[in-house]
Amino acid sequence: MVPTPPPDGRAGIDAALVRRLIAAQFPQWSGLPVTPVEVDGWDNRTYRLGDDKTVRLPTAEGYVPAVAKENDWLPRLAPSLPVAIPPVLAKGVPGEGYPYPWSVRGWLAGETALRGHIDDTAQFAVSVADFLHALWRCDTTGGPPAGEHSFYRGAPPAHYDAETRRCLTALEGRVDTERAAAVWEAALAAAWTGTPVWFHGDIAPGNLLVEGGKLTAVIDFGTSGVGDPACDLVAAWGMFDGESREAFRWAVGQDEGTWARARGWALWKALLVLSECIDTGREQESTNRRVIDAVLADHDRFG
């Protein structure tokens, strides 16, 4: 299914506002057309600016710290990574009635993995693992420790313990909550004692760009930081299955404690989304049920 583009004007941001911001702060680009991207995120709104640029604007105050983080760190991380990440071209400031910092990025060609053709899903899984290994090897000196800015990705999953237990209660009788609780308890028990590394925090189909059937870029580092890499393994259940999941598991490595925490991260998010959309018949419902089933089966096999 092709996602329906979000309506222009969500969170008070529309193309007219973007044009005013560009004209006021970067007049050299004021003649370029501004159009919403086809597949937009939630934390930020993104617009095409001409053929080779994008404008990225946070939709709420809670997403603002990610802008400064990306502006500062993306240029430093890029040389060490095997595929492209968003180049930062300019840093905007509040204005024209818009209250937050924003940025202009270079446009990266390709389609999201949600929509783009992938030649070989197992090899694609290996390429995602290769990207993660390169990211995990990046110098962490001065990097932002996991915390509020990363929505606690990279921190212990215990931050979401109360929320996960509320979801388990709400979904009693709708999913196998006994097995799900065992997965969550295993995640909490698998304390992380490793050396902090850079993590992306949201390795998902919408943040991976594909061109010519292959991974060419990774976008949206808003939840990135320095800490536990377990959150980057959720792609095992959110993106891959069968042969591709096995290929990802083999290529990415990691000990069983890290995989236990990763299952916790995947379960927390899937339970949360399912609790909000159950009985709606929306695609989100079946997608998150599949993730939960896959995580439970994985725990039965390895946990």
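Analyst: Let's start at Asp-279, which counts as exposed at 57% relative accessibility (exposed means over 50% relative accessible area, buried under 20%, partly exposed in between, with a 1.4 Å probe and protein chains only). Before going on: this is a predicted model, where local features need pLDDT of at least 70, side-chain atom pairs count only at pLDDT 80 or more, and totals for chains, interfaces and linings use all residues. Residues are numbered from 1 along each chain as its sequence is written, and side-chain values use heavy atoms, leaving out hydrogens and water.

Most residues other than glycine have a negative phi. Asp-279 sits in the loop between α8 (256-277) and α9 (283-302); helices here are DSSP runs of H or I with at least four residues, strands are E runs of at least two, and both are numbered from the N terminus. Phe-151 also has a positive phi, about 50°, without being a glycine. You'll find Phe-151 in the loop between α3 and α4 (161-170), partly exposed at 28% relative accessible area.

Take Phe-248: beyond its neighbours within four places in sequence, its contacts (heavy atoms within 4.5 Å) include Val-128, Leu-132, Phe-240 and Trp-259.

Now for charges. The whole structure holds 16 salt bridges, each a side-chain nitrogen of Lys or Arg within 4 Å of a carboxyl oxygen of Asp or Glu. Arg-56 and Glu-70 make one, at 3.1 Å from N to O. Arg-56 is in strand β3 (residues 53-58) and Glu-70 in helix α2 (residues 64-77), 14 residues apart. Both Arg-56 and Glu-70 are buried. Elsewhere, Asp-176 meets Arg-179 at 3.6 Å, with Asp-176 partly exposed at 34% and Arg-179 partly exposed at 32%. Salt bridges with shared partners also tie Arg-56, Glu-70, Arg-105 and Asp-220 into one network.

Last stop, the strands: β3 belongs to an open, antiparallel sheet of 5 strands ordered β1-β2-β3-β5-β4, where pairing takes at least two DSSP bridges between two strands.
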